[in-house]
Amino acid sequence: MISKEQFQNELDLIIKNAIREDVGDGDHTSLSCIPADAEGKAKLLVKEDGIIAGIEFAKQVFSYVDKDLQVETFINDGESVKYGDIVFHVSGKSQSILMAERLVLNAMQRMSAIATKTAFFANLLKGTKTKVLDTRKTTPGIRAIEKWAVKIGGGENHRFALYDMVMIKDNHIDFAGGITAAITKTKKYLAEKNLDIKIIVEARSLEEIKEILSNEGVYRILIDNFNYEDTKKAVALIGDTCLTESSGGINEETIRKYAECGVDFISSGALTHSVYNLDLSLKAI
């Protein structure tokens, strides 16, 4: 994963771009009917059960819009919430609260949905050593907050982007001329560029796993679209040589069975690409 500084930079870019997109040259509704010096207070109201996420992000949004806005929190990121709960109060200039409202709600509703789904998957894995991973199947432009939500929900982050980890998949293997050729070229490239990043290689069969294992320097093997029995065989074959990850259409009905095959990780794009926003609202008090 990327550094904390890089991650914060991504968050800053999300906030800056979202406010630019939403506010433009001014919130003319608020500017026209609410005095500039008017003070107000609002509450973040939960309207659906789930796991709350995005509170700390909301604080950053409020601060970006108006550093004088004050937030009083009653519930923390990652905690269970139910209909009627109040997550926080925000107080200060009414115009500022209204300017930040939509970004805060859009982000928190999305993040809470992802955290809720991740927590559900993570709970299915309890008692096993397996951890659930996200993927790059995120919404363009807001990847940072979606991956943050996965962490809040009890999951783990895969690579952030194409630049912080090498992931040699089927197309790379075919274009490069085979597994060994792809790994050899990758290690040479990383050495030449003086890059210290991990290598993951996808396997489509047990024979491909054997070939991957004949090469050194692989951090994790992606056991892609294997059935349960072949996954068990793959895990036994790999042993402690490197970490293991299962992927490929794994859902709530199959995730536990794959975990019981002994893999270290299960990756699921559904954590971020197949969720419905948790219902939240920001109401004036």
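Author: Start with strand β10, residues 243–247, which is mostly covered, with four of its five residues buried. Buried means under 20% relative accessible area, exposed over 50%, and partly exposed in between, with a 1.4 Å probe and protein chains only. Strands here are DSSP runs of E with at least two residues, helices are runs of H or I with at least four residues, and both are numbered from the N terminus.

Reader: Is this predicted or experimental, and what are the ground rules?
Author: This is a predicted model: local features need pLDDT of at least 70, side-chain atom pairs count only at pLDDT 80 or more, and totals for chains, interfaces and linings use all residues. Residues are numbered from 1 along each chain as its sequence is written, and side-chain values use heavy atoms, with hydrogens and water left out.

Reader: Back to β10. How many bridges join β9 to β10?
Author: Five, and the two strands run parallel; β9 covers residues 220–224. Strands count as paired if DSSP finds at least two bridges between them. I223 has S246 of β10 as its bridge partner. From β9 the chain passes through helix α9, residues 228–238, to reach β10, and this β-α-β crossover is right-handed. Right-handed means that, with the strands pointing away from the viewer, the path from the first strand over the helix to the second runs clockwise.

Reader: And β11, which way does it pair with β10?
Author: Parallel, over two bridges; β11 is residues 265–267. There, S246 is partnered with I266.

Reader: What about S247, buried or exposed?
Author: Buried, because its relative accessible area is 10%. S247 sits in strand β10.

Reader: Which residues does S247 touch?
Author: L222, I223, D224, N225 and S267, leaving out residues up to four places away in sequence. Contact means heavy atoms within 4.5 Å.

Reader: Now G269. Where is it?
Author: G269 lies in the loop between β11 and α11, which is 270–273. G269 counts as buried because its relative accessibility is 11%. G269 touches T135 and K137, again not counting residues up to four places away in sequence.

Reader: E202 is in β8, then. Why is β8 largely enclosed?
Author: Because five of the five residues of β8, residues 199–203, are buried. I199, V201 and A203 lie on one side, with I200 and E202 on the other, and all are buried. In a regular strand the side chains alternate between the two faces of the sheet.

Reader: What does β8 pair with?
Author: Strand β7, residues 166–168, is joined to β8 by three bridges, in parallel. M167 stands opposite I200. β8 also runs parallel to β9, with four bridges, and E202 stands opposite L222 there. The chain gets from β8 to β9 through helix α8, residues 206–213, in a right-handed β-α-β crossover.

Reader: Zoom out. How many helices and strands?
Author: Eleven helices and twelve strands. The chain has 285 residues, 48% of them buried. Its C-alpha trace spans about 70 × 40 × 25 Å along the principal axes.
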